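Please look at the model below before reading on.

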Amino acid sequence: MKEPKPAREADLEKREKKPTVVLAAEKLNAYSGYFRSEELLATYTIGIKDGKLMLQDIQEGDGFTQSPQHLTLRAAGPETFEGDEEGLEFVFQRDGSGKVLGFTLDAGRTRGLTFQRK
């Protein structure tokens, strides 16, 4: 009898990997910045390194910064980026003028966490 896989590993296997979309490096600038989730009491810093969008750090409500080791976010759609190693999906929202306002985050079974640009 096979031993069941841990829930996180099983979730990553079920999640279908979306194809990569090529975005020009200068378009990535719109997605960089500080984004706050009141639900998590956390601020995510998203930036660009070597022409790639990166989740650079997470600052929790207590003021401590935890580094996710510079997680690369792969473009998987016009406003969608995936952190494949961690099973994360970031879907960015824009206002009428095209400015990025925030994103929703899906992380495994947790869906729809909202982050607003600070």
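R94 forms a salt bridge with E79, with the closest N and O atoms 2.8 Å apart; a salt bridge here is a side-chain nitrogen of Lys or Arg within 4 Å of a carboxyl oxygen of Asp or Glu. The pair links distant parts of the chain, with R94 in strand β7 and E79 in the loop between β5 and β6, 15 residues apart. This is a predicted model: local features need pLDDT of at least 70, side-chain atom pairs count only at pLDDT 80 or more, and totals for chains, interfaces and linings use all residues. Residues are numbered from 1 along each chain as its sequence is written, and side-chain values use heavy atoms, with hydrogens and water left out.

Salt bridges
- The count comes to 5 salt bridges.
- R94 is partly exposed at 34% relative accessible area, and E79 is partly exposed at 23% (buried means under 20%, exposed over 50%, partly exposed in between; 1.4 Å probe, protein chains only).
- R74 and D84 meet through their side chains in a salt bridge of 2.7 Å, N to O.
- R74 lies in strand β5 (residues 71-75) and D84 in the loop between β6 (80-83) and β7 (88-94), 10 residues apart.
- R74 is buried at 13%, whereas D84 is partly exposed at 26%.
- A network of salt bridges links R74, E82 and D84.
- R111 and D106 form a salt bridge at 3.6 Å, N to O; R111 is exposed at 56% and D106 is buried at 16%.

Whole chain
- The chain has 2 helices and 9 strands (DSSP runs numbered from the N terminus: helices are H or I, at least four residues; strands are E, at least two).
- Buried residues make up 32% of the 118 residues.
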